[in-house]
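Q: Please take a close look at one part of this model. I would like the contacts spelled out, with cut-offs.

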Amino acid sequence: MSFGRAPRRRFTLLAATAVAGALTLSACGDGNKAQGGGNINFVTGSGGISTVAKGERPDAPKLQGESLDGKPLDLADYKGKVVVINIWGSWCGPCRLEAKYFAKVSEETKDQGVQFLGINTRDAQRDPAVNFEKDYGVTYPSYFDPIGKLILRFPKGTLNPQAIPSTVVVDREGKLAARTIQQLDADQLREMIDPIIAEK
């Protein structure tokens with residue numbers, strides 16, 4: 001049995017290295033390199049926010065894992081809500097700059113059926129990420145995803161995260177509706193999510 005495990009371990013290590021390499025290239029970028037293509041038509045506005053028209057949106061990936069406090073976390077549990085997913089790391093300067101705005105808007109919109117989630121990546125240990133959330137008043141849960149496995153579940157050519165920070169919005173039907181690959185302030189975040197909140 002141990003004979004067959006070595007290739008699997010090697011594949012996992014190679015996949016993790018590829019993820020880390022891809023995210024290193026795009027980490028903390030300026031967000032101006034949005035790429036289209038793939039099987040969906042999305043439009044990137046002048047503010048760097050890419051959107052897909054309702055009815056043409058792809059399914060959001062299955063995101064299941066553990067939160068920073070070790071509890072199970074599953075995107076599917078929030079179907080019926082607008083879900084704002086922010087990809088961040090405690091080591092990332094732009095993530096630190098936008099965190100207070102995400103904390104503020106998450107509180108402002110929770111009564112409108114909006115759920116914020118984070119994907120914490122490239123933090124090898126949980127403590128720096130937990131302290132980051134305390135420092136910036138972030139109360140919504142984040143996945144602990146140190147090697148970026150959850151990020152790989154977003155299909156290429158869709159509204160997949162391509163930088164850190166990135167933000168993706170999932171509509172009430174569990175479809176990918178919007179994405180940006182840049183740091184956001186509160187006004188930009190509202191510009192991104194308000195049209196999706198308003199959808200019926």
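How many salt bridges does the structure hold?

A: The structure holds 9 salt bridges. The term means a side-chain nitrogen of Lys or Arg within 4 Å of a carboxyl oxygen of Asp or Glu. This is a predicted model: local features need pLDDT of at least 70, side-chain atom pairs count only at pLDDT 80 or more, and totals for chains, interfaces and linings use all residues. Residues are numbered from 1 along each chain as its sequence is written, and side-chain values use heavy atoms, leaving out hydrogens and water.

One of the salt bridges joins Arg57 to Asp171. Their closest N and O atoms are 2.8 Å apart. Arg57 sits in the loop between strands E2 (49-51) and E3 (64-66), and Asp171 in the loop between strands E8 (166-170) and E9 (176-180), so the pair ties together parts that are 114 residues apart in sequence. Strands here are DSSP runs (E, at least two residues), and helices are runs of H or I with at least four, both numbered from the N terminus.

Now the helices. The axes of H2 (residues 93-109) and H4 (residues 186-197) come within 10 Å and cross at roughly 35 degrees. Axes are lines fitted to C-alpha atoms over the stretch in contact, with angles from 0 to 180 degrees between N-to-C directions. From H2, Tyr101, Phe102, Val105, Glu108 and Thr109 meet Ala186, Leu189, Arg190, Ile193 and Ile197 of H4. Contact means heavy atoms within 4.5 Å. By class, this contact has 7 nonpolar, 1 polar and 2 charged residues. Ala, Val, Leu, Ile, Met, Phe, Trp, Tyr, Cys and Pro count as nonpolar, Asp, Glu, Lys and Arg as charged, and the others, Gly among them, as polar.
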